Amino acid sequence: MLTWMPSNDPDVVRYRIYYGTESQSYVNQVTVDNTNVATISGLADGITYYLNATAITGAGIESPFSDELVYTTPSAAATLTVQPVSAGQFSFNVDGVEGYQYVVESSTNLLTWAAVQTNTAPFTFTAASTPDVPQQFYRTLYLPPPGP
């Protein structure tokens, strides 16, 4: 979500937000009616974006660009930290983007994966050992937040 100071020109009826992954090279745009808030969706995790805005009058006259804003989206990759637990258990913390949902999956062969828990970061996952399974692998996947 992007906010800005609105123009004091009474003829301004909308704003256009330009953005891209290179400075001064805006390949995307969003136009919003006379407000000072815009939601830019579909941004990739861990990427730096360059944004700029213009004001547009009712006659269709567009202002020069504002100052460029540089924003890097947070990476949704989770950090797994093994935690000590009692005998017969395995536990790790999932520290990802706060508020994102992560799925913990397990596998015995690294080919077939099954979801064993879905939770909102940060959280701790604990599994009991299974004597008849000689090895168990775990991974996490994140579920991107729903779009607007």
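Trainee: What share of the 148 residues in the chain is buried?
Mentor: Keep in mind that this is a predicted model. Buried here means under 20% relative accessible area. By that cut-off, the buried share of the chain is 27%.

Trainee: And why is the chain more spread out than a compact globule?
Mentor: Start with the secondary structure, which comes to zero helices and twelve strands. For 148 residues the globule rule gives 15 Å, and the chain is well over that, so it is more spread out than a compact globule, with a radius of gyration of 23 Å.

Trainee: What box do the C-alpha atoms fill, then?
Mentor: The box is taken along the principal axes. Its dimensions are roughly 75 × 25 × 20 Å.

Trainee: How much of the contacts with a separation of 6 or more comes from residues 24 or more positions apart?
Mentor: A contact means heavy atoms within 4.5 Å. Among contacts in the chain with a separation of 6 or more, residues 24 or more positions apart account for 54%.

Trainee: Let's turn to the second largest pocket. Which element gives the largest share of its lining?
Mentor: The pocket has a volume of about 250 Å³ and is lined by 19 residues, with Trp4, Asn52, Ala53, Thr54 and Ser66 nearest its centre. Strands S1 (2–3), S2 (12–20) and S5 (48–57) are the elements that give two or more residues to the lining. The largest share, five residues, comes from S5.

Trainee: How many residues in the lining of that pocket are nonpolar?
Mentor: Take the other classes out of the way: six are polar and one is charged. That leaves the nonpolar residues of the lining, and they number twelve.

How values were computed: Residues numbered from 1 in each chain as written. Predicted model: local features only at pLDDT ≥ 70, side-chain atom pairs only at ≥ 80, totals over all residues. Heavy atoms only, no water. 1 Å grid on protein atoms, 1.4 Å probe; cavity = no way out; pocket = protein on both sides within 12 Å on 5 of 7 lines; lining within 4 Å. Points joined across faces, edges and corners; volume = space filled by probe spheres on them. Helix = DSSP H or I, 4+ residues; strand = E, 2+ residues; numbered from the N terminus. Nonpolar A, V, L, I, M, F, W, Y, C, P; charged D, E, K, R; others polar. Rg over C-alpha atoms; globule rule 2.2 N^0.38 Å. Buried < 20%, exposed > 50% of the residue type's maximum accessible area, 1.4 Å probe, protein only.
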